[in-house]
Amino acid sequence: MGRPRSKKRGPTFRRLLKTSNVKLENKLKNRTLKQQNVAKKQRKEQKRLRQAVKGAINRTPRPLETYKKRPEEELEEEEFLESLPTDMMDEDDLQQMTVMARQASFLTRDLSSCGPVHNEKKRHSEVVPSYEKVPRKMTRTEEKEVIHLLPIKDKTGIIPQSLERVITRPHEEEEQEEELEEAAEESEEEEEGALQRLSALTAEQIERLRVEKIKQKKLQIATLASAIISAPYSNIKCLKELRGLLMETDPCVAVTVRKLVMVSLMEIFKDITPTYRIRPLTAEEKATKVKKETQQLREFEEGLVSQYKFYLENLEQTVKDWKQQKKKRSQAVGFQSYQGLAEVAARCLCELLLALPHFNFHNNIIVTLVPLMNDPTNQISDMCCDAIRKLFQQDKVGEASLATVRVISGFVKSLNYNVRPAVLRSLLSLRIKEVEMKKDIQSTAPKKKFMDYKEKKKNLSRMQRKWKKAEEKLEKELLEAEATESKDKKLKLHTETLNIVFLVYFRILKKAQKSVLLPAVLEGLANFAHLINLEFFDDLLNVLQNIIQSGDRTNRENLHCIQTVFTILSGQGDVLNIDPLTFYSQLYKILVKLHAGAPSDDISILLRCLDSMLTRRRKQVSLQRAMAFIKRLSMLSLHTLPNASVGLLSANRAAMHAFPKSDFLLDNEVHGSGFYLPELEEPEHCNAQNTALWELHTLQRHYHPVVRQFAVHLSHGAPSEGSAALSVELSRRSPVELFGDYSADGMTFNPPVGSPGTKKKDRFTDGTTLLDRELQRRVDTERQKDNEEDERLDFTAALKQTSIRHVQDPSK
């Protein structure tokens, strides 16, 4: 029997043709790549040949090989030289022969000896000159072109046919390469000549030349920028030309031109960048035929993304060169100008971070800017911190905030928490108001799920299944219209972001309690304390209590600890059985030590603490404790600035409304036994009921009008109606808002304070004149009459006249 026939089906003609075309295309690509590599090698060898030929003219040839002779050979050579008839030879001829003998070592070598010529290592041997290594004639491989012919079908199958044809390379291309290399050499010579010409000019002429060059560059930048903005789809290639000016090599204008180009490109990208993210095209999308407009849009997007990427790389490299003090080969920019260029590059990155949060490479910008937040240069670090804060404030969804917080967390951990406090304070600008709490997830009912096909078939009839299908479709459309998915996504992003923030805070509390970052951590915990899970409450309260009782912290840090504790207890922590009496005592002790001058930022934290400790927890606070706080706050209001006094008096007003029986402090009578002890640190035992708020009478003569209004209002028992009641604007505002509204940071009072009046009476003087002439004339006449009457009533003048008359006429 013959060989069994294979059941496998043979490939069709089209399939074979298709596969052969693919293979041929791959071969063509490989062949072209090899040709390009060969051409590169040839160009490099030609360059080496030129360099070798240049130096070969001045060099003297060396012997090709040197070797040491054996002592036996040296003795034989000496005997041979002595046997020669040297009497008939001159000394010059002998010297010349010895030199020739040394050079022609191959001729004098004993070929019969089998000893090695080079006894030393290869690296000690003299190197052959470079011009001897270069071949005398460059060998070039002929480029061939493959022409595909029609295939031949045979019994064995299809045989593809092809023909190779030698490509005659035009002589012009070879000349072009030579011209390019010659042009590079000429440009170097021109730069040297320009430097020599500049050295011959005066300082004034150099400055004029520099101004002219800057004007030309400005005109060129403006022309390219206007062309790109006017028609970005057709002139997108101008971006490459404009970006090329970032490599300006003229040392006179290099720094100025690079700064101008950086800012110009930043503004161009902000204008022409679309409002969506550009993704790379797949191979199938590139292969499909599209309309002319679509192809133009694709080319624009591809060119925009590539140029934007190169631009960001240039900015990042500029910052790296400044940080590493890396000196470039082209001495166009000196070390002194690196910082100026780095500042402009950082400013451009900050602007692009805020203007294009949706566009490509946004995360790369974040990775570049976060290390600069900890830079020792205050200008750059403040700029980057402000940009990150603004990004947090304007981010509504939370994707950019999450990416930034991740990078900050990794950066802080990599430096072992040795960063500036401003890096962590930037996290306070996060717009996080609610997150997914475990308590809320357990309490909420499970979401309604759509029925499976099996459940529908088992429980519903055919008509009911149709109605159910239409109902589910309608519910999906309603969910899409309400955008519940985006809300859930936002909630998840905020939850993940806050988890990373708390991870950073808790690590610092655990490992680096004595670092400079602790105030920023306590401030952040006070800001986000209402979002902490119940699992961490006990441990966190113990840590905060230990920090306060240590006594090593400032008043501001202690206030942040107290604010964090009572923010937790006023939210989810109300279910915990914790007695915060120690924190009340600590705050009562701090009130006397607060700064009463210009840096009164601690007062705003104090007002928030008082709101959560007295007003919101009025049922858990005793009357004695409340009256002690009211008395000490009124004492503090005598020493602080006007805005702080207004805030403290407003807090006293809220406490008096929360504790109506505290009006004992407005009476002079003593209630109970004992005396008031103002220096005692325990508010429960200071006998505050036996004192009075005499400070209100002093504050009624305060120079600020709002302080006077509050003092009068409180002295009358804080009534809501009547002549002593406050206006609606003052009564509806919280103490923190009043503290900010009446701040004197701008060196002006709000409202303005009038100048004090004089107690002297107004009188007319000799130099005063009236505007009305008639009235002035009457005043003058009246004054003259008064003077005449005064003269009549002057008895001394009359006595003088009578005495004179008596002397003249003694008979009278």
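I looked up Asp611 and found this residue partly exposed, with a relative accessible area of 30%; buried stands here for under 20% relative accessible area, exposed for over 50% and partly exposed for what lies in between, with a 1.4 Å probe and protein chains only. The model is a predicted one, so I note that local features need pLDDT of at least 70 and side-chain atom pairs count only at pLDDT 80 or more, whereas totals for chains, interfaces and linings use all residues. Residues are numbered from 1 along each chain as its sequence is written, and side-chain values use heavy atoms, with hydrogens and water left out.

**Salt bridges**

Which residue forms a salt bridge with Asp611? I found Arg616, with the closest N and O atoms 3.4 Å apart; the criterion is a side-chain nitrogen of Lys or Arg within 4 Å of a carboxyl oxygen of Asp or Glu. Arg616 is exposed, at 58% relative accessibility. As background, I keep in mind that side chains of opposite charge can pair when their charged atoms come close.

I then turned to Lys631, which forms a salt bridge with Glu695 at 2.9 Å between the closest N and O atoms. Lys631 belongs to helix H26 (residues 623-636) and Glu695 to helix H28 (residues 695-699), so this pair ties together parts that are 64 residues apart in sequence. Helices (H or I, at least four residues) and strands (E, at least two) are taken as DSSP runs, numbered from the N terminus. Are Lys631 and Glu695 buried or exposed? I have both down as buried.

For Arg733 and Asp741 I recorded a salt bridge between the side chains, at 2.4 Å from N to O. Arg733 is partly exposed at 34% relative accessibility, and Asp741 is partly exposed at 33%. I also noted a network of salt bridges that links Glu267, Lys270 and Glu351. Over the structure, the count of salt bridges comes to 19.

**Helix H29**

In helix H29 (residues 705-715) I listed Pro705, Val706, Val707, Phe710, Ala711, His713 and Leu714 as buried. What do the buried residues of H29 pack against? They pack against helix H27 (642-658), H28, helix H30 (728-731) and helix H31 (735-741). Just after H29, I saw that Gly717 takes a positive phi of about 90°.

**Cysteines**

How many disulfides does a search of the whole structure find? It finds zero, a disulfide being a pair of cysteine sulfur atoms within 2.5 Å. Cys350 is in no disulfide, and the nearest cysteine sulfur to it, that of Cys384, is 4.3 Å away. Cys350 is buried at a relative accessible area of 6%, and Cys384 is buried too, at 1%.

The side chain of Ser426 reaches the backbone oxygen of Val423 at 2.5 Å. With the neighbours within four places in sequence left aside, Ser426 is in contact with Met373, Ile388, Arg389, Phe392 and Ile408, contact being heavy atoms within 4.5 Å.

Thr377 lies in the loop between helix H13 (362-372) and helix H14 (378-394). Apart from neighbours within four places in sequence, I found Thr377 in contact with Trp322 and Gln339.

**Surface patch and chain totals**

On the surface, I noted a nonpolar patch formed by Tyr233, Tyr276 and Leu297, which together have about 270 Å² of accessible area. Patches take residues with over 30% relative accessible area and no salt bridge, joining like charges within 9 Å and nonpolar side chains (Val, Leu, Ile, Met, Phe, Trp, Tyr) within 5 Å. Tyr233 sits in the loop between helix H7 (203-230) and helix H8 (238-244) and is partly exposed, with a relative accessible area of 43%.

For the chain, I wrote down 33 helices and two strands, and buried residues that make up 31% of the 812 residues. The chain exposes about 56200 Å², of which carbon and sulfur atoms supply 53%; these areas come from the Shrake-Rupley method with a 1.4 Å probe, and for residues only the protein chains shown count as cover. Among contacts between residues at least 6 apart in sequence, 69% join residues at least 24 apart.

Methods. A polar contact is a pair of N or O atoms within 3.5 Å; within protein, one must be able to donate a hydrogen and the other to accept it, and residues adjacent in sequence count only if both atoms are side-chain atoms.
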